[in-house]
Amino acid sequence: MKIAAVQMDVKILEKDHNLRRVLEHLEKAARTGAKIVVFPECALTGYCFTSREEAWPLAETVPGPSTEKIAAAVKRLGLTAVVGMLEREGERIYNAAAVISPEGVAGTYRKIHLPYLGIDRFAALGDAPFPVFETPQGKIGVSICFDCSFPESGRVLKLKGAQLLAIPTNWPVGSDSWQHTPKVRATENHMVVVAADRVGEERGFHFSGHSQIVDFTGKVHGEAGETEETILYADLDLAAANHNRVVRVPDEWEFDRIAARRPEMYAAIGRK
């Protein structure tokens, strides 16, 4: 199955412009045969907001105007998209990613771990513990940017059956996350990882790019540079991520990072 990571610039406060770009990238990815397309964090809105009040008009309910337009496109194109956005519920704003398949909006993941940066200073903490989205293309879990600093995020999704971890992110220059996080999360959880970072500059922050597609062995099938807008592609078998046993030398060197777990030894992880 062909999988795509969209590395794009985003214009803060210009949601209509950003939505048009998302739809254009979906069309382009579909022409190459992509069946799963992952976009950056806050791809519809921008990230470096100075207040909750500034961000509020750009946040939407889900379903809402933007997700309905994306849903119509992915239904016509026959693919699944993961798109970073700001979700509104009641009086709360969430840094979220919508997962939209040809069957409709599967749901949203709301960022659980929030750094003191950009919109995350004003967003509500995610309130759903790591959902796995069933799509026609496979089982997708999502971590947004800083979530990947917590290995528990990827492990919980793996244990819930996720085959692909989508990482919509806005890693700024100065962060070293792009250098190691996608590969480590892929390898330790035996799952495909698709990290879609943004590029460009926003209110003094420069973003680092280096979007990646990594298979469950840690092999990088595509990595972008720091500045260019581009779409990465890779042909990967998501179902193969279910087979956790690695055989290097039959009967001599074999291991299974999931079966070898010892949860009874991990009690400290669950304590505050």
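1. His25 lies in helix H1, residues 15–31; helices (H or I, at least four residues) and strands (E, at least two) are DSSP runs, numbered from the N terminus. The model is predicted: local features need pLDDT of at least 70, side-chain atom pairs count only at pLDDT 80 or more, and totals for chains, interfaces and linings use all residues. Residues are numbered from 1 along each chain as its sequence is written, and side-chain values use heavy atoms, with hydrogens and water left out.

2. Is His25 buried or exposed? His25 is buried, because its relative accessible area is 11% (buried is under 20%, exposed over 50%, partly exposed in between; 1.4 Å probe, protein chains only). Apart from neighbours within four places in sequence, His25 contacts Val6, Met8, Phe39 and Ile231 (contact means heavy atoms within 4.5 Å).

3. There are 2 aromatic pairs (rings of Phe, Tyr and Trp, its six-membered ring, with centres within 6.5 Å; planes under 30 degrees apart are stacked, over 60 edge-to-face, the rest tilted). Tyr109 and Phe130 are stacked, with 6.4 Å centre to centre and 15° between the planes. This pair links distant parts of the chain, 21 residues apart: Tyr109 is in strand E5 (residues 104–110), Phe130 in the loop between E5 and strand E6 (132–135). Both Tyr109 and Phe130 are buried.

4. Phe146 and Phe150 form an edge-to-face pair, because their ring centres are 5.3 Å apart and their planes are at 90°. Phe146 is partly exposed at 29% relative accessibility, and Phe150 is partly exposed at 27%.

5. The charged end of Arg88 sits over the ring of Trp56, 5.1 Å from its centre (NZ of Lys or CZ of Arg within 6 Å of the ring centre and within 35 degrees of the ring normal). Arg121 has its charged end over the ring of Tyr116, 5.9 Å from the ring centre.
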